[in-house]
Each structure stands twice: as C-alpha cells, then as structure tokens.
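Dear colleague,

Please find below the structure that I am handing over to you. My notes on its architecture follow directly after it.

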Amino acid sequence: MAGERTIGEVGKVPQGRLMGRSGAVTLSGGPAQQIRILVVEDEPTVRAALRTVLGGSGFEVTEAATGAEATAVNDAGQVDVVLLDLVLPDTDGVSLLVRLRKARNVPVVVLSGRRPLADKLRALDAGADDYVMKPFHTAELLARIRAVLRRSKAAPEGPGLVTVGDVEIDLTKRVVRRNGEMLRLTPTELRLLLELVSNPGMLLTHSELLKRVWGETYGTESHYLRVYIAQLRRKLGDSATRPRMIRTEPGLGYRWMERSG
Ligand code: CA
C-alpha cells in the first residue's frame with residue numbers, strides 16, 4: 001500500500017512517508033478530548049517510530065521504556081489505551097499487562113515479535129484486547145487500536161435487565177453482577193457478552209462475532225473466541241458442558257440460551 005510503513009523489523013530503522021491523517025483522534029464526533037495512548041516499548045527506534053505514527057494520526061502519545069514507568073503513568077489515570085510490547089527489560093510483559101488491567105479497566109493492545117501462538121493466547125488470556133505482531137503495517141496497527149477503542153466505548157442497542165440464576169446483566173448500564181457483586185469484565189469480554197445477550201436464542205457464527213466484537217477485518221480468528229468465551233464462562237459461573245447461558249455450537253459459533261430455569 002502506498003505510503004504505508006512497516007515498523008519493528010529487526011535491524012531496520014523505519015522510514016518512508018507517514019500515512020497519518022491530520023486532526024486529533026476522538027471517540028465521538030463531538031469536541032471530545034484527544035485520545036491518550038501509552039506506548040510501552042524499550043527499543044528507542046521502535047518507540048520513536050510509534051510516536052511519529054500515532055502522534056501524526058492525532059493521538060496524544062505518552063512513552064514508557066520500562067514496566068515501572070508504564071505502571072506509574074497508568075496509575076495516574078492519564079491513559080485511554082495502552083500499546084504494550086511484551087518483552088521489556090524490567091518485567092515480564094504479561095505480568096505487567098495483568099497489573100495494568102487490575103489497576104484500571106484500560107484497553108490494551110499487545111505488540112510482540114515472532115512468538116508462538118501459546119504466547120499470544122497467554123496475552124489474550126491475561127486480558128489483552130488485541131495482539132499485533134512485529135513487523136506490522138501502520139495501517140493495521142491504527143485499525144486495531146481504533147477497533148479496541150470502539151469496543152471499549154460502544155454498547156449494542158437494547159435496554160433491559162437479563163437475569164440468569166445468580167447473574168444479572170444490565171444492558172443499559174453495561175454492568176454485570178454475580179451474587180450482587182460487580183464482575184470485572186474487560187472491555188472486549190463485556191462487548192462479547194452484550195452481543196450474545198442482545199441476541200437471545202440466535203446462533204452467532206464465529207465470523208459474525210469476530211466482526212461485530214473485534215471489527216470488520218476479523219473473521220477467522222476463532223481462537224480469540226475460544227479464549228474469551230472460556231473467560232466469560234469462568235467469570236459468570238457457566239459451564240461449557242452443562243451451559244445455562246452460553247451454548248457452544250460446535251464448528252459454527254455460540255448462542256445465548258433463550259430461557260433457563
Ligand atoms: Ca522490547
């Protein structure tokens with residue numbers, strides 16, 4: 001693609017024309033605040049390239065070279081989304097991810113070099129909202145960051161309260177309680193749950209769910225769904241073998257069970 005850059009290639013300093021667009025990135029059409037992104041990356045060349053691309057695309061960029069710096073910025077609450085490199089000098093990236101998510105319910109996109117699928121699943125399991133492999137194209141990175149931001153803000157239509165056993169899902173307030181206690185769901189888990197609950201009894205195919213929750217460019221990443229559905233079931237106290245809420249339709253997708261006892 002003309003004007004597109006690749007960042008993070010080993011031994012290669014990124015160069016080429018920026019594809020950034022002018023104007024600040026905001027979540028709504030209104031005069032909203034600029035989106036603040038925290039870039040956690042210890043390699044200065046990659047960090048500089050990310051600052052240029054993201055800054056040029058209207059984000060307000062804060063940089064952290066270590067886990068300690070990232071924690072400090074995140075705890076201060078000055079972040080809307082985190083871009084996190086998994087290999088850092090002072091901490092394991094997945095532990096840092098867990099720490100960041102525990103402190104604040106901020107969406108996190110993980111950035112990493114060539115690593116086995118198990119690592120990717122480990123990051124998703126720890127609460128990452130998406131995963132970008134190095135080297136990556138700036139267009140893909142920007143699309144994924146925007147999709148994560150959309151997911152963390154947008155809610156499907158349909159007011160109401162859904163109760164299954166000890167679980168109560170408030171579709172309007174986007175709050176889930178179990179035994180009266182608020183469940184801590186990540187933005188992606190919540191989006192996925194609301195998508196299912198808003199379509200009771202309907203089969204939602206893997207591809208439909210991926211497109212609706214992760215974005216239009218998704219459709220084949222059914223391992224994302226396996227990880228997130230497993231997390232949701234664990235948090236909701238649902239079971240894959242004897243489901244009360246989410247039923248697996250093998251090879252097809254998932255279904256929110258219409259009515260249970
Ligand atoms: Ca690194």
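The notes below go from the chain as a whole to its sheets, helices and core.

This is a predicted model, in which local features need pLDDT of at least 70 and side-chain atom pairs count only at pLDDT 80 or more, while totals for chains, interfaces and linings use all residues. Residues are numbered from 1 along each chain as its sequence is written.

Overall composition

The chain has 8 helices and 14 strands; helices (H or I, at least four residues) and strands (E, at least two) are DSSP runs, numbered from the N terminus. Of its 261 residues, 35% are buried. A residue is buried if 20 or more other C-beta atoms lie within 10 Å of its own, exposed if 12 or fewer, and partly exposed in between, with C-beta atoms placed from the backbone. Among contacts between residues at least 6 apart in sequence, 57% join residues at least 24 apart; two residues are in contact if their C-beta atoms, placed from the backbone, lie within 7 Å.

The parallel sheet and its helices

An open sheet with parallel pairing is formed by 5 strands in the order β3-β2-β4-β5-β6. Two strands pair if DSSP finds at least two bridges between them. The edge strands, pairing on one side only, are β3 (60–64) and β6. From one strand to the next the twist averages 20°; axes are lines fitted to C-alpha atoms, for helices over the stretch in contact, and angles run from 0 to 180 degrees between N-to-C directions. Strands β5 and β6 run parallel and are joined by 4 bridges, and V110 stands opposite Y131 in β6.

Helix α3 (residues 93–103) has G93, L96, L97, L100 and R101 as buried residues. Seen down the axis of α3, these fall within an arc of 130°, so they line one face of the helix; the arc is that of the directions from the helix axis to the C-beta atoms. The face turned away from the buried side of α3 carries the exposed residues S95, K102 and A103. Packed against the buried residues of α3 are α2 (67–75), β4 (81–85), β5 (108–112) and α4 (117–125).

In α4, the buried residues are K120, A123 and L124. They cover an arc of only 100° around the axis, which puts them on the same side of α4. Their cover includes α3, β5, β6 (130–133) and α8. Just after α4, G127 takes a positive phi of about 115°.

The nonpolar core

The largest nonpolar core has 63 residues, and those with the most contacts inside it are V40, V81, V82, L83, L84, V108 and V110. Such a core is a set of buried Ala, Val, Leu, Ile, Met, Phe, Trp, Tyr and Cys residues joined through C-beta atoms within 7 Å. Helix α8 (residues 222–236) gives the most to this core, with 7 residues. Both domain 1 (6–153) and domain 2 (161–256) give residues to the core, so it lies between them; the domain bounds come from an automatic or database domain assignment. Leaving aside its neighbours within four places in sequence, L84 is in contact with V40, G93, L96, L97, V108, V110 and L111.

The antiparallel elements

Strand β9 (residues 167–170) pairs with strand β10 (residues 175–178) in the antiparallel sense over 4 bridges, with I169 opposite V176 in β10. These two strands form a hairpin with 4 residues between them, and R174 in the turn has a positive phi of about 60°. Strand β10 is also joined by 2 bridges to the antiparallel strand β11 (residues 181–182). In the hairpin of β10 and β11, which has 2 residues between the strands, N179 takes a positive phi near 55°.

A further open sheet of 3 strands has the order β12-β14-β13 and antiparallel pairing. Its edge strands are β12 (203–205) and β13 (246–249). Neighbouring strands of this sheet are turned by 30° against each other on average, direction ignored. Helix α6 (residues 187–197) packs on the sheet, touching β12, β13 and β14, and its direction makes about 65° with that of β14. Helix α7 (residues 206–214) also packs on the sheet, touching β12 and β14, at about 75° to the direction of β12.

Within α7 lies S207, which counts as partly exposed because it has 16 C-beta neighbours inside 10 Å. S207 and G219 are 12 residues apart in sequence and 4.3 Å apart in space, C-alpha to C-alpha.

With kind regards
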